[in-house]
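Hello,

I am handing over the structure we talked about, and below it you will find my notes on what turned up. Please keep the structure open beside you as you read.

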Amino acid sequence: MRNLPSVAFTAIAAIALASPLAAAQKNGTIAQDFKLTDVNGKTIQLSQFRGKTVILEWHNPGCPFVSKHYSSGNMQATQKAARQQGAVWLTINSGAKGKQGHMTGAEAKALIAKQDIQSTNYLFDTKGVVGKAYGARTTPHMYIIDGSGILVYQGGIDDKPTANPADIKRARNHVLAALGEIKSGDKVSVAQSRPYGCSVKYAS
Amino acid sequence: MTFDFRILAMMLAFVTLAFAPAAEAQNRLGNTELNVPATLLAESQQVQAGQTVTLAFLMQPKPTWHGYWENPGDAGIGMSFDWKLPAGVTAGKAQFPVPDTLLISGIMNYVYKGDYAVLVNLTLSDKVRSGPLPISVKSEWLSCTDEICVPEQDELSITLQVVEAESSAPIDKRFNDFRAAMARPLGSEATFSVSDDLFRLSVPLPANVQIDKPYFFIKEDGMVDYGAPQKFTRDGDRVILETGARGDQLDTISGILKIGDHMGFLFTATKGEVAMTGLPLVNDGAKAEGSASLLFLALGGALLGGLLLNLMPCVFPILSLKAISLAKAGGNESEVRRDALAYTAGVVLVATALGAILLGLRASGAAVGWAFQLQDPRIIFVLLALVTAIGLNLAGLFELPNLNFGNKLTKKDGTAGSFWTGALAAFVATPCTGPFMAAALGATIVLPPVAALVIFAGLGVGLALPFLLIAFVPAIRSRLPKPGPWLDSFRKIMAIPMFLTSIGLIWLLGRQIGTDALGLSLIFLLTISLILWWFGGGQMKGLSRGALTSAAMVVAIVAGILALPGEDAMNDQKLASSSSATLPSEPFSETRLSELRASGEPVFAYFTADWCITCKANEAAAIQRTETADAFRAAKVAVLMGDWTRPDPDISRFLEKHGRAGVPLYLYYAPGAEPVILPQILTVATLTELVNGPVQSAMLDATPQ
């Protein structure tokens, strides 16, 4: 009977595993609140930014599709533009320990310095709870939450699903476009798109 | 571990590859080693202007690596092609083989783990001049393990030869395997609906098509929650799917319904109403919960069905008399219980054994249903003799002595006698199961074998239940009428349902073997009855004719069985009675077709598959009709039938040559003329006009408008 707890655990894990994508957040509803620790061990809560536009970006430094947007400077430029507009940018790493892209706080700080990452906070979601609650499937996978906490965009960073940096200049940057529309008080015209990239390296 | 035919095919292809280096394309332009390397192949090195040649990207993932289907699922990216083609050459859409699912941490990927080939058709215009034809393509794809992903690309090229005359270059046999791994067009349209976050899809597929671990791969993104479990049911000629929805922005979708290893159907679906009806199909064994509830439901159905079987004309007489005789035994409680248990054991054992045989036959590929034992005329004959004998016994023609097998059916008690009564009851009861049992028995086909056997045993328990109640609840037993002179009359009345059962069996026998053979069988049946009568007469006079009677019975029954028509005759009878032989046909082959064409005969060639509803509908409505058969016979039309139920490379190539990716295809070759491709929906008139054409059109011409 030694195996019983582990069997029970596996069953729970299986249920938890089957649910996340079904439980993904819906546009037009309040985005689920969460608390995660950042690179300095500080707890960051989504709801503390109520009143500001918040961008969530799922990140994995080992993923070639993430590299496409960082080595070209595209992601940093998008982050900078968003923050200049007064928005908050949270970069989230749901990579589990031992999986591709997992980092310690120190490693992440070094990467932020090296790549000049412009996000407001870099958060760790090692257990994948927030990633699954949001149905984050790829890196990058982008979400935009407006000042009243409502999810207004989810999907890819742009509409050219390749790993080739040369495609960036011909692509429509969905995040910049949505931020522009939010700023001028318009409805986000492309509120959902297909995210592309590597799969998020969840623990289970 | 399932046997992966495709991998074997690819391995064989490799061996071929080693011996045919000249046929290889030039590629690998300064790339670092790829994890999923691609090789560009052509089915034929030579092609004529105005023709089509098929190219293949042979993708060979290293161990642990995989490539992606055109819709990669939750993550990943499909393959892209950037062609550099000479003027007058166009590349068609890439065709991908049936993919596999790969679920990692709730993220669904549609992938290929082993070697696979992506096919593209190149079409040359009439104006392409003879000589070398350089083809080059830059392709990008994503290669992943369960952990990491690497975008890969390669520039592949191949040089074909444009020739004037028919190509003499050999055809690359590997393409047969490549094509066999593709999904085949279903030919009919499906319907889908999206409501309350549920996506439903109803696909037309004949009820007799075997399905193993079905999965629906949708091509369009944003409609289906890829990671959600897919629930399937079957309702007649439809397969219905329910899974999580992601959106409902599209009115038309397309995809592949996978129904087995590398076996899938390609179709489009339009928006409509879809209800979840029919019997649930158990998907990939992981849904033990669904399977368990299905098991309980089916078990309940089986119990109830078994209980109702007690009222069937074939069972009721045996049972009621047995029950009364139990009551008669009265006092001895333990003996009564032992009898009841023996009876139950007999019923359950026979029901389970019949179920096991049924499952075994099904596993061996035979299309049999419950009451399959009644498909064999010999068994029907034995059963007929037995039921008639029981009827005669009940009618009082003879009494059963204590000695022979099955002799304690109704009267004398004893553990062995009870057991055989139970066995007999179960055996004769099965054909009476009726429609209310169909659902429970249908479930046995989709449940794992052990669970299926439990259901058959449940049927047996249900059948034995009243008997167990009588034995174990004395209150019920005391309510049963006391035996008396009325019992004799009751017994004689009970002979009536027994004889009715005999008539039912005679009818069944007649349908299977025809009236001539039936007459002969009835003569043997009469002989058996006369022997029993003679035996009964002896009993009245106090003479023992048991040994002689038994011998004569055995002779009569064996003779009766031997006199029955053999398997072949029976099949002929079946063919003659079924519509499938109305228009006889030969199997299709291109050689046979050219032979017939050379001899100047008109030819009608049709291509069908058991899973194709349109095909079956056309056959029933137009092809297998007396009018059509008569017209074709009069015009001496040769009929060729190509069966594409299993992938057949020759038929695949022939279909492709006629611009069809799948069945149905109907062709008419008038002597010396170009073939006419007939419409996909046939009528008797379409077919008969082919041969009576001139007359009919002349008449039409003469008719004033």
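**What was found**

Of the 705 residues that make up chain B, 38% count as buried. Please bear in mind from the start that this is a predicted model, so I will come back to confidence at the end, because where pLDDT is low, the predicted coordinates should not be read in detail.

Chain B contains 19 helices and 25 strands, and of its contacts with a separation of 6 or more, 78% are between residues 24 or more positions apart. Chain A, with 204 residues, of which 42% count as buried, has six helices and nine strands. Among the contacts in chain A between residues at least 6 apart in sequence, 77% join residues at least 24 apart.

**Where the chains meet**

In the model, 25 residues of chain A are in contact with 21 residues of chain B. On the chain A side, the elements that contribute two or more residues are α1 (4-18) and β9 (198-199) of chain A, and by class this side has 13 nonpolar, seven polar and five charged residues.

**The nonpolar cores**

In soluble globular proteins, nonpolar side chains tend to be buried together. The largest nonpolar core here has 151 residues, and those that touch the most other members are Ile55(A), Ala56(B), Met59(B), Ala117(B) and Leu201(B). If you leave aside the neighbours within four places in sequence, Leu201(B) is in contact with Ala190(B), Phe192(B), Phe216(B), Leu241(B), Ala269(B) and Val274(B). There is also a second, separate core of 31 residues, which includes Ala342(B), Ala351(B), Phe419(B) and Ala464(B).

**A buried strand**

Which strand might you look at to see what being enclosed means?

With β23 (residues 638-643) of chain B it runs parallel, joined by six bridges, and Tyr606(B) stands opposite Met641(B) in β23(B). With β24 (residues 665-669) of chain B, β22(B) runs antiparallel, joined by five bridges, and the bridge partner of Ala605(B) in β24(B) is Leu667(B).

**A four-stranded sheet**

Chain B also has an open sheet of four strands in the order β1-β3-β9-β6, with antiparallel pairing. Its edge strands, each of which pairs on one side only, are β1 (38-42) and β6 (89-91) of chain B, and neighbouring strands of this sheet are turned by 25° against each other on average, direction ignored. Five bridges join β1(B) to β3 (residues 52-59) of chain B, and among the paired residues are Leu40(B) and its partner in β3(B), Phe57(B).

The model scores ipTM 0.78 and pTM 0.59. Chain B averages a pLDDT of 77, and 77% of the residues score at least 70. Within chain B, confidence is lowest in helix α1 (residues 5-19), at a mean of 45, and highest in strand β15 (residues 215-218), at 95. The pLDDT stays under 50 over residues 8-30 of chain B, and likewise under 50 over residues 365-371 of chain B.

Best wishes

Note on methods. Residues numbered from 1 in each chain as written. Chains lettered and ligands numbered in written order. Predicted model: local features only at pLDDT ≥ 70, side-chain atom pairs only at ≥ 80, totals over all residues. Contact = placed C-beta atoms within 7 Å. Nonpolar A, V, L, I, M, F, W, Y, C, P; charged D, E, K, R; others polar. Core = buried A, V, L, I, M, F, W, Y, C linked by C-beta atoms within 7 Å. Buried ≥ 20, exposed ≤ 12 C-beta atoms within 10 Å, placed from the backbone. Pairing = 2+ DSSP bridges. Axes fitted to C-alpha atoms, helices over the stretch in contact; angles between N-to-C directions. pLDDT = per-residue confidence, 0-100.
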